[in-house]
Amino acid sequence: MRTGIRWLLRIVFLLLLSVACGTFIPRPLIAPVKASSAAVTHRILLLSGPIHTDIAIPLDAETRAAFSFLDDTGFPLGHPNAEWLIIGWGGRAFYLETPTWAELKPLPVLRALTIDRSVLHVDLAGPITEPQSTVTAFDVSEDQLAQLRDFISRSFVRDAGAVVPIPDAGYGEIDRFFEARGYFNALFGCNTWTAAALRSAGLRTGIWNPLPQALRLSVSVYN
C-alpha cells in the first residue's frame, strides 16, 4: 500500500515538474525579431476556459477572404454583427458530446485521455470586452496575422479541396464543427494546438502547455 502511494506521489510530482518546465522553458528559445510599432496593426485574442482555449481573430475583409471556403458550408461568415472569428481545436468525442459540464459522459473522457480524432470548432462573436481574466490580447503585424490565418486554414481536413463539415454538429444556431488534421490526447490537446497557432503568429509560448493556465502564464512571461 505504501509503495503504491509513493509511486503515485512520484507520478504526480513528475507531472507537475513537466508542466512547470513546459511553462517556463520558452519556445522558440530565442526570441524572434519584433515588428516595429508602426507595423503592429491587428489585435488577436486568446480566450481561456477551465480546460480549453480558443483563438479569436478580427473578422475584417482579409479574414473573410481567407476563410471564404466556409461560405460554401453554410457558415454565416458574412454576418453583419460579427466582429470576431473564433477557432478552437479539440478531441472529436469530448468536443461534440460535451456542450456543457452537466452533459459530461465517461466515454468522451476516456477518448480524451487516450487518443481521438480531432475537430475544429468555428464560431462568431460580436464585441469582446477587455480586459477580463479569460481574455488575453496581443497586437500583431499584418504578416503575423496572415501566418496565423494560414496555420488555422491548414488545420482543416479537405476533401477534393473542400473542408468537411460535421453534419448536425454545433452548440447553437451559428457555430459549426469541421473535420481537422491531427489526433487528440490529453497530453497534446487543444491547448498545445492553440500554443502552436500563437507561435505561427510570431509569439512565444512555453515548450509544452497542456493546460490553459500554463499557456496564459507562459505567453504573459514571454510576450
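Predicted model: local features only at pLDDT ≥ 70, side-chain atom pairs only at ≥ 80, totals over all residues.
Residues are numbered from 1 along each chain as its sequence is written, and side-chain values use heavy atoms, without hydrogens or water.

Elements next. There are 7 helices and 10 strands. These are DSSP runs, numbered from the N terminus: helices are H or I, at least four residues; strands are E, at least two.

Now the cores. A nonpolar core is a set of buried Ala, Val, Leu, Ile, Met, Phe, Trp, Tyr and Cys residues joined through side-chain atoms within 4.5 Å. The largest has 37 residues. Which members touch the most others? I44, F67, L70, L85, L148 and F156. Helix α6, residues 190–200, gives this core its largest share, 5 residues. A second, separate core has 8 residues, including L45, I86, A125 and I128.

Take I44. Leaving out residues up to four places away in sequence, I44 touches, among others, A56, I57, P58, W84, L148 and L198. Contact here means heavy atoms within 4.5 Å.

On to strand β3, residues 53–58. Of its 6 residues, 6 are buried. T53, I55 and I57 point one way; D54, A56 and P58 point the other. β3 pairs with β4, residues 84–91, in the antiparallel sense over 4 bridges. Pairing takes at least two DSSP bridges. I57 stands opposite L85 in β4.

Methods
Buried < 20%, exposed > 50% of the residue type's maximum accessible area, 1.4 Å probe, protein only.
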